[in-house]
Amino acid sequence: MKNTAPTSAEGLEQPGAGPLAAQVREISKIYGTGDAEVIALDHVTVGIPKSRFTAIMGPSGSGKSTLMHCMAGLDSIDSGQVFLGDVELSRLDDKRLTRLRRDKVGFVFQAFNLVPTLTALENITLPMDIAGRKPDTNWLDHVIDTVGLRPRLKHRPSELSGGQQQRVACARALAGRPEIIFADEPTGNLDSRSGAEILSFLRNSVQEMGQTIVMVTHDPAAAAYSDEVLFLTDGRIVDQMVEPTAEKVLERMKGFDLPGVTAS
Amino acid sequence: MMTKVTLRNLTAHKLRLALTALSVVLGVAMVAGTFIFTDSMSKQFDDLFAGIGKNVAVDVRAKQAVQSGSDEQVSSRPPVPAALADELRKVEGVKDVVGNVGGYAAVIGKNGKTVATLGPPQMGMNWVNGGDYDIQSGRAPQGPSEVAIDEATMKKAGYGLGDRARILLQGPTQTMTVVGVIKTGNMMGATVTAFDTATAQRLLLKPGYFNDIQLVSSGVGETVLRDRVARTLPGDVEAITGSALRDELKDDIQQLLSFLQVLLLVFGLIAVFVGAFIIFNTFSMLVAQRTRELALLRAIGASRRQVTRAVMGEALGVGIVGSTIGLLAGVGLAAGLQALMSDGSEGSTGLTFTVTPVIWSYAVGVTITLISAYFPSRRAAKIAPVAAMRDDVALPQRSLRRRAGIGSALTVLGAGLVVAGIADAGPEPLLLLGIGVGMVFIGVAVLAPILSKPVIRVLGGVFPRLFGTPGRLARENALRNPRRTAATASALMIGLALVSAINVVNSSAVASIGRSVDRQFGADYMIISETQGGFSPDAIKAVGQAPGVDQATAMYVGNINVNGKRASVLSGDMAGITEGAKLKMLSGSTDLGADGLLVDEDTAKSNDYKVGSTLPAQFTDGARQQLRVAGIYEKNDVIGSRLLSEQAYLAHTAKPLAFMGMVQVATPGTASKQAVEGALRDYPNLQVQDRSEVKESFQKQLDQVVVFFTILLAMSIIIAAVGVINTLALSVVERTREIGLLRAVGVSRRQLRRMIRLESVVIAVFGALLGIGIGVALGAAVQNGLADQGLDILKIPVVTLVVYVVLGGVIGMLAALWPAWRAGRMDVLKAIATE
């Protein structure tokens, strides 16, 4: 866990933005070889500002999920550097990466967010239980009340609706006070009302709790909840938009709607 | 089209099906190995006997007046006088007459150890030129102190020509010069020692007597010669043809082999039965995992029957592949067994292949796979087409109440059959017992999902506290699919149930024998032989002369016909027996004279014998005599049910052999024991045991039996372990997403592996507990059923059983290694990626 190059981050800070929670420098990711070669990420450099809600958008196969996975330490990169705070991920072995995810990162996935054998409460405290840490009860109560799950804490995932399950996932992500939360299409499987609930909830946690959130989505309406949108096409950042609205995002997306390469 | 689906599935799930096939392979290998091994043995014995007595046209021997018991190796035929040979030589058509002498003789090697194996006999005989064997080197033995020994035994004993060798006999040990090496071919562990005829008669039989006399024909057909010879014979002697003699020899071996075959086959079939649980479980899991795919097939128009057939087709594939590999593995197993039994001489290798193992392998392997896969395939057919469109689908499950009903009924019915089988009911009580035990296993397996919840809650109750979240997840995972957990545990249950039942019976037997010895063994020392067939009473006479010895009694055992029915009797000096066996008379006296018989109370009651009753009896030498019931004694485990006058026994026995000696000394202790041992210097095969050593040696013998059965059951336990591996591996695949999620939120590889290991341990321990529960019940039932035959104490070997529970846990731990490793290596991204 060497703190390698504290100066290297400075050149990346975008004018007007605050300190960065995460940043990637010149990262590339290639799947397959020869004819089957697919460039998922092509020398991407980007910073995620602290206490902001950043959305990553792009057509299917643009590399947006891959970018998020690389930033979160779930996937390896072929070249470049990834920093979470001031820790460079590519230098960490699996054990340290696991500990980093457990202690500093929160996740909300599109589906299958919860361990089916554990109750809602057990799912929320899972990362802390694994670490053997006692949860901060005041904070935990606050989070549970904010997502409105108190009456359902003893239920198992199969007894919860899709929206409730995603709220449990959000609560889990928040409960450990991670430095950054990654959300991968968190509303992709929800009806619009439940989706709106989750998105406002994420939005509020940024505004009120100062949480940093990165969300991958292809839904302009979801992107509209964010502070800033990064547009990705063919593995490259092609544009960014501050204070987006659904209409503006949709308009911009039309321009990128080219037949994309399919990268899984 | 559906065939294509079946084939594609078989190739798509190679690894899963390979593990399933493995459970078929192991069981089938045992079955096939049994047949190949016994067929090969049978062939070798045929070859061996083809050479024996090939020149013999007619064999003349004493008639068998009393059938010998099936477990007795000593022939109950009395010898024939040597003078008869001269008479036979005069019969027209007889070219040559050969008198045979046979008995017990073994070689004591240079290292002082007797060359002998358990089972195959140590044969002593008179050397006959032109007989069954040839001299390989040296010459035939002549005179009272020369011996010829077979090649393999020479090698094992470490002797060369001209060496002085000690020969162990039923009488005093002799030191003789080795003058010849006998070429015998493969004897499978039997040893051959030959003397000249006079010496053989003196050492092995009785001077002036032969066991039988063989006639070589000068050209007359053997039946003709037999009839001619028969006319000249006295009434108690018979003549049979050479072919009939060889068939008798073969029949004896065939009986032994078919017993061995049935024994091994039973354990092979147990292994196959265990495999059935694994197959059932795997197919259930495969069907569950493919619910959507099967629903899609239904949605696009496949009929229920087609879906069933697609799954059964897969089972057929697994069965055929498994049986084929099992058959091949059986060849290896048979070769291994043969190497184990081989005495290292030429011709001891080479397997015989018949069509029987092939038929059995495929019949057993394919049938069991199809039966086991039938229920999962039926369930597959019940998947509604709409399931293809749904996200979370569960297979239709039967109600627990119905399960409880069926399970209890099967268990109770099976238990009833077990009890009936032990009570010797019906024509085939052992078969009844076997079916009953099988039904109990299936019944408990059906009940196991209901039992699993409370048991695993308790077992896994400490997990969260000891192992944190991985522990809790492990417990919940073991609980989440009770049917799967139960089927996996049930496979392990079977092997452990049988092992624990054997252990319960064993420890009960040890306890019961121990108490009998304490209560009824009054002698200070017992003298027993390590070799088969008894020993010369001269040994006991020698002990009687030793300083400090008050009394030494030789005990004889034999068979007589009483009222035309065979009865086994004990005999010996009454004063010694009364004290040594703490004989308690209920009526009559122990003064037996020349015709007295004592019976125990049970025998008296069941035959309605009273003191003074006279019984017509016939002895092994053919003589008939009236026996008088002189007295009735209290049931005695040392003596058994009948005691015959020593005088009568000796009068009718050509070469009396003691099976045991009882010694009373003035002051028991090391000195007196050494004195007794000193008197037995010439009998290195005889052991002097005090009361606690008697108990110990019984225990040792019984322990050997337990070890033997445990080894035979090991295959079943290995198959069950494969089942645990299979279940866990499939569970890991099934929970790919969940494992990915756990990894994403920070569960380390090590924690993940621990989670899977603990799940496996709790399932395995559950199986072990079920097995031990059934085993204890079964063992207790056997003990109870045999209580009146001396097995009157029930003792549960708690420590041993606890060891088996721990062993169950260790098996679970080991079985989880590979699945846990796989889960740990799983790609986090693949695991959480949404399609």
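Into which domains is chain B divided? I found domain 1 (53-254), domain 2 (448-520 + 692-835) and domain 3 (525-689); such bounds come from an automatic or database domain assignment.

I noted that this is a predicted model, in which local features need pLDDT of at least 70 and side-chain atom pairs count only at pLDDT 80 or more, while totals for chains, interfaces and linings use all residues. Residues are numbered from 1 along each chain as its sequence is written, and chains are lettered from A and ligands numbered from 1 in the order in which they are written.

**Chain B overall**

I looked up the extent of the C-alpha trace of chain B and got about 100 × 65 × 50 Å along its principal axes. I counted 24 helices and 23 strands in chain B; helices (H or I, at least four residues) and strands (E, at least two) are DSSP runs, numbered from the N terminus. Of the 835 residues in chain B, 47% are buried, that is, with 20 or more other C-beta atoms within 10 Å of their own, the C-beta atoms being placed from the backbone.

**A sheet**

I traced an open sheet of four strands in chain B, in the order E3-E12-E1-E13 with antiparallel pairing; strands pair if DSSP finds at least two bridges between them. Strand E3 (94-100) and strand E13 (237-241) of chain B are the edge strands, each pairing on one side only. From one strand to the next the twist averages 20 degrees. I then checked strand E1 (residues 58-62) against strand E12 (residues 212-217) of chain B, which pair over four bridges in the antiparallel sense. Asp59(B) stands opposite Gln214(B) in E12(B).

Helix H7 (residues 242-289) of chain B lies across E1 and E13 of chain B and runs at about 90 degrees to E13(B). Axes are lines fitted to C-alpha atoms, for helices over the stretch in contact, with angles from 0 to 180 degrees between N-to-C directions; contact means C-beta atoms, placed from the backbone, within 7 Å.

**Domain 2 and domain 3**

I found the C-alpha centres of domain 2 and domain 3 of chain B 49 Å apart. Their contact takes six residues from domain 2 of chain B and seven residues from domain 3 of chain B. On the domain 2 side, helix H14 (482-520) and helix H20 (691-734) of chain B are the elements giving two or more residues.

**Chain B against chain A**

How many residues does the contact take from each chain? I read 21 residues from chain B and 25 residues from chain A. H13(B) gives six residues, the largest share of the chain B side.

Definitions and conventions:
Contact = placed C-beta atoms within 7 Å. Buried ≥ 20, exposed ≤ 12 C-beta atoms within 10 Å, placed from the backbone.
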